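Here are my notes for your first read-through. Have a look at the model, then take the points one at a time.

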Amino acid sequence: MYKYNDFDEAFVRERVAQFRAQVERRIDGSLTEDEFKPLRLMNGLYLQLHAYMLRVAIPYGTLSSRQMRQLAMIAERWDKGYGHFTTRQNIQYNWPKLNDVPDILEALADVEMHAIQTSGNTIRNVTADHFAGAAADEIADPRPVAELLRQWSTDHPEFQFLPRKFKIAVTGAPNDRAVTKAHDIGLRIVEKDGEQGFEVIVGGGLGRTPMIGKVIRDFLPKEDLLPYCEAIVSVYNLLGRRDNKYKARIKITVHEHGLDEIRRLVEERFALIRPTFSGVDQDILAGIEAQFAPPAFAEKSLAVGTDLGAGYRSWLDTNIAAHKRDDHAIVSISLKKHGATPGDATAAQMRVMADLAERYGYDELRISHEQNVILPHVHRADLPAIYSALRDADLATANIGLVSDIIACPGMDYCALATARSIPVAQEIATRFEELKLEHEIGPLKIKISGCINACGHHHVGHIGILGLDRAGVENYQITLGGDGTENAAIAERVGPGFAYDEITPAIERLVRAYLEHREGPEETFLQAYRRLGQAPFKAALYPESKERRDAA
Amino acid sequence: MSRSFTPKVVTANALLEGDAVWLTADDRWTRRLEEAELIEDEAHAQLRLLHAESQPDVVVGAYLADAKPGPNGPEPTHFRETFRTRGPSNYPHGKQTDETHV
Ligand code: HEM
Ligand code: SF4
């Protein structure tokens, strides 16, 4: 795992000291809110509906057990005993008090963590495949590159005031689990003639104008990565619109100027700056790569006949993914217990997960953009013990990738920008499908919910997307269908008029029942069925009255 | 008097705790909307907002929110403001629990 060097350490400590002084000056009145706001946002501190919120970066979603325990400590000491893991591989604390925040940042620095550039018009926390370094389908671990990008982008003098926020995601596997096509820059490690390089995708994004990223370079040699990214960001920095916040993301720049023109400008800029990269970055990368060396995998014999019953088998079916070593597995720990808040973990649960990582998982944990926690490397012989410990901590819900594994943004329960709630909608849908005992029969189905058009809950790439809106002072929920966040990324399409708060769960149930009725068999997933059948049968299920009216007419 | 001015309350977030607060007629910041001053006059509302904005060391982000008269004092008219008087719906946190401690 990456360890801070002296520079990282000094930089983070200095930022904490600076922020401590800024908070003091805010409280004693020498800084106004207008002066203070950009400073607090630079340190991840937002003001929400009921309290401040601190957003802490978890670079490329990787945590050690020591860091996880510190997150638990912070939750207990300065918050309400829990934390919220988000789609951006961050953790958010919903209840910090302003004058405690410097101490929280200090406690984070103690375990090499921070909240820098989790906000503002900068390059944000670089995200990566949560199975990085472990997945069977992986070409290369994307995290060294993500770390290189983190170092390059953190406090980069040219890129502190971009037209708008800038998000980069990296994957090293052909199956895209990092939603790279919905990022400002998406990087996919690919192979050509035995050489590893990058497919570079640009201009993806969600929000009010969702766009799928476009390939700007299909094969970029590995050593050209930083100059090429720098070329993209600096072209955007000059060209991106600063007159209108809603048109300021690079997706709009690419859309307005066309991919070919952007490519021409980027290549031009790249040619200019490439010679200034002397190769130091590659030396740094080599150093980083060494720190991401795989663990010394244990050799153990597999106990035969360990069976903890149907619950265990169902958990094995859904929560285990293929590891690059046959005798190991990747365990996804669901933070989506039916009826619970998606992505929330209590301090006690964080400690259980930290203990398991330490005892069975080579001290590694990951946070997924789907708001779950991953033990990336565990020996198969240890699965029964892990399952039992998780079950005791209420963490063994067997629903990864199923209808109740819902992404939901904080919505109007916390977020000041929200137009409707999203968490209780997720809770109710999950509870309903648990009652029906149908979700294993339904199979893979991704529901994603956002509480406003900003789309933090990824609803545009949900197989079923739900967008909460305010219609004349009442919560109203729009349903979109057919979204996909993988390598076959697609933006979901709106089906029709929205539903009231108390109509949304029954509407989703009708939709899913229509799928069960129309699918060719259990092998055909919801998304495949939607692609084959189009909207018609789903629309009919969602709006039965209008069908009756048509039939009567 | 304006033709159809919707009554307002002045609200903001407390600087230190960050929670919702409302301005009372006697210039206090209260954590209970019912105690707030219900303002029926547009010009007066602007003055009260200015007064709130002149206290940056106490509150953040003051604004005028729609409200209506109720038996115990002002009541919210929009669900966002209703949530601000209570707290989140997924946990008994925020004002909804504070009340039981009073
Ligand atoms: C205080 C709470 C939050 C605020 C103020 C906020 C603000 C925003 C805004 C304004 C956008 C739209 C950006 C654009 O279209 O240019 C956005 C997008 C997004 N946010 Fe948030 N957000 C919040 C919480 C979250 C949380 C909790 C997550 C993770 C679960 C998240 C992840 C995202 C993602 C994935 C997008 C869409 C991707 C994109 O940038 O195009 N945000 N957010
Ligand atoms: S989608 Fe909207 S409501 Fe949800 S967290 Fe983002 S800004 Fe807030």
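This is a predicted model: local features need pLDDT of at least 70, side-chain atom pairs count only at pLDDT 80 or more; totals for chains, interfaces and linings use all residues.

1. Let's begin at ligand 1: one of its oxygen atoms is 2.8 Å from an N or O atom in the side chain of A:Arg249. A:Lys167 also has a polar side-chain atom 2.8 Å from an oxygen atom of ligand 1.

2. Residues are numbered from 1 along each chain as its sequence is written, chains are lettered from A and ligands numbered from 1 in the order in which they are written, and side-chain values use heavy atoms, leaving out hydrogens and water.

3. How many residues surround ligand 1? There are 23, and A:Cys456 and A:Thr87 are among the closest (near means a heavy atom within 4 Å).

4. Now the cysteines. A:Cys409 is buried, at 9% relative accessible area, whereas A:Cys456 is partly exposed at 48% (buried is under 20%, exposed over 50%, partly exposed in between, with a 1.4 Å probe and protein chains only).

5. Last, the chains: 33 residues of chain A and 24 residues of chain B make the contact (heavy atoms within 4.5 Å). You'll find 0 salt bridges between chain A and chain B (a side-chain nitrogen of Lys or Arg within 4 Å of a carboxyl oxygen of Asp or Glu).

Notes:
A polar contact is a pair of N or O atoms within 3.5 Å; within protein, one must be able to donate a hydrogen and the other to accept it, and residues adjacent in sequence count only if both atoms are side-chain atoms.
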